[in-house]
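The exercises below ask you to read a two-chain model step by step. Try each task before you read its solution.

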Amino acid sequence: MSEKPTTFWEKIGKIDYRWLYALSLIFTIIPIIQPLGLPIQVSEGTIGYFNAIDKLKPGSVVAVSFGASLALLDEQEAQYLATWKMLFQRELKVIFYCTYADSPLIIQKHLGSVVKPENYGKKYGVDYVVLPYAPLGEAGEASFAQNIRGVYPNDIYGTPLDQIPMMKNINDQSAIDLVIFMYTSCTDVEWPIRQWVVPYKKPVIVATLGCCGPMAVPYYPTQIQGFLSGSGMGTEIEIVSKNPGPGAMMSDAKNLGILPFILFFILGNISYLGRRFVTKEVKK
Amino acid sequence: MSQLVRKQIPLVICSVLGILMILSYFTPFEVFAQFKGIATNWVVIISAVTVAMGLVYMTNAQIKMYQRNRTPLQLAYVLTTYFFFFAFLISGLAYPGDINSREYQWWFQNIYGNVGATVYAVMFFTLASSAYRTFVVSSIEAVALLLGGMLYTLRQIPLFQVYISWIVPLGEWVLLVPNTAGGRGAVVAAALAALVVGIRTLWGKEVTLEVAS
């Protein structure tokens with residue numbers, strides 16, 4: 001059992017964690033009940049992401065490497081939904097290929113009941129196609145770029161790609177005009193760079209978790225044209241593309257939810273500095 | 001196993017495949033490009049097989065854990081694992097539409113999705129309490145990490161964007177300049193290290209290969 005804190009500095013460094021948990025919960029719930037609706041500033045990576053899609057010519061083919069995890073969906077769903085809407089609002093051909101086991105069910109739910117491509121005048125097999133889950137990894141990305149049918153002979157419904165009108169002249173990377181790489185494992189950002197950018201000079205944009213953003217940034221804007229990281233940039237892309245979605249609520253919840261964290265963070269450091277410089281309990 | 005089976009044969013396979021992949025990248029010959037296509041397809045197939053292997057390893061681990069700890073609680077853990085495994089398997093195969101069936105979707109959305117999201121949400125509390133305890137400015141590196149991390153985090157939160165507006169350009173600068181500079185240095189260093197390890201592996205001199213054999 002730990003000793004009871006004696007000095008002021010020790011006491012503020014050993015506050016019961018449950019206060020932190022309780023405050024975090026309360027501060028997260030408040031904006032959900034009473035939205036703050038604060039304005040959001042759009043960052044450079046988001047603008048790059050938007051422009052990469054926006055400048056595509058009508059009829060361009062976009063390959064979406066969709067590696068979404070259901071467990072992490074809250075962090076990225078705003079990015080996904082805004083991207084789908086952007087793609088369907090334009091005259092583009094879209095190939096969604098699933099690289100994570102959860103992805104087929106998520107994309108089917110999104111396109112089935114949330115975004116609904118038919119509302120944008122898009123038809124399955126003509127304007128977009130969904131390919132099933134295959135455990136691609138980096139080698140699979142390379143294989144897909146070289147021969148799509150070698151990895152995915154059929155679409156998600158079991159229809160051979162040769163029988164899908166949109167896929168008639170799409171066999172490999174040469175038909176792809178933009179790659180959107182969506183992933184949840186930070187180092188995976190290197191996969192499209194090694195397999196799409198370096199050998200084929202294809203433009204790539206990426207969407208990932210908030211914690212993975214700093215690992216994607218070193219490749220911007222030379223190798224990747226734009227990036228989204230976390231729900232914050234998910235909200236930004238909703239704003240830039242004028243497609244409101246779940247990101248606004250997420251950003252609102254984060255507004256106050258972070259405050260108890262910062263408070264305890266400061267208290268922890270005051271405690272450390274006090275014990276080090278005032279009571280000299282801690283040595284460097 | 002003999003040294004030939006444990007070391008020499010895997011080394012030859014590794015070296016030959018590695019050299020062929022290098023040739024496919026740096027030469028214009030179609031035959032190497034075709035080989036690359038076949039080899040990368042094999043990787044996808046092998047990856048799919050490893051999913052099934054996971055079930056074998058999981059069963060092995062469950063049996064061993066129960067053998068070590070023969071208690072009703074441990075048995076409950078084992079049975080729970082298999083209950084959910086078979087529940088997902090059956091709901092994914094027994095109904096029309098397979099994984100697109102309403103039954104499978106129910107399990108997926110309401111059990112798998114919520115459990116996964118809860119696990120990640122609970123991490124917030126773990127991270128917050130551990131940051132409170134340990135993320136202190138005890139060194140210059142810790143101060144740099146603290147400042148960079150806080151600026152990156154706070155820059156994304158509208159409350160701070162509105163009331164501390166200078167945090168936006170500063171956070172953006174930290175992300176795009178020092179982070180990019182350091183990140184690119186790390187990437188180049190890692191790439192050079194990977195090159196060295198690759199050459200050593202192809203040459204059969206990599207230490208890990210020696211240890212494994």
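**Exercise 1.** State what share of the contacts in chain B with a separation of 6 or more comes from residues 24 or more positions apart.

*Solution.* Start with the term: two residues are in contact if their C-beta atoms, placed from the backbone, lie within 7 Å. Take the contacts in chain B with a separation of 6 or more; residues 24 or more positions apart account for 16% of them. Then turn to chain A, where 74% of the contacts between residues at least 6 apart join residues at least 24 apart.

A note on the source: this is a predicted model, in which local features need pLDDT of at least 70 and side-chain atom pairs count only at pLDDT 80 or more, while totals for chains, interfaces and linings use all residues. Residues are numbered from 1 along each chain as its sequence is written, and chains are lettered from A and ligands numbered from 1 in the order in which they are written.

**Exercise 2.** Describe the make-up and spread of chain B.

*Solution.* First, count the elements (DSSP runs numbered from the N terminus: helices are H or I, at least four residues; strands are E, at least two). Chain B has 9 helices and 0 strands. Next, compare its radius of gyration, taken over C-alpha atoms, with the globule rule, 2.2 Å times the number of residues to the power 0.38. The radius is 26 Å, well over the 17 Å that the rule gives for 213 residues, so chain B is more spread out than a compact globule. Its C-alpha trace spans about 65 × 55 × 40 Å along the principal axes. Last, check burial (buried: 20 or more other C-beta atoms, placed from the backbone, within 10 Å of a residue's own). Of the 213 residues in chain B, 8% are buried.

**Exercise 3.** Describe chain A by its elements, burial and domains.

*Solution.* Chain A contains 11 helices and 6 strands. Of its 284 residues, 49% are buried. An automatic or database domain assignment supplies the domain bounds: domain 1 covers 8-36 + 251-277 and domain 2 covers 44-245. The C-alpha centres of these two domains of chain A are 37 Å apart.

**Exercise 4.** Which helix of chain B gives the most to the side that touches chain A?

*Solution.* Begin with the totals: 45 residues of chain B are in contact with 44 residues of chain A. Helices that each supply at least two residues of this side of chain B include α2 (30-68) and α8 (178-203). The most comes from α4(B), with 14 residues.

How values were computed
A residue is buried if 20 or more other C-beta atoms lie within 10 Å of its own, exposed if 12 or fewer, and partly exposed in between; C-beta atoms are placed from the backbone.
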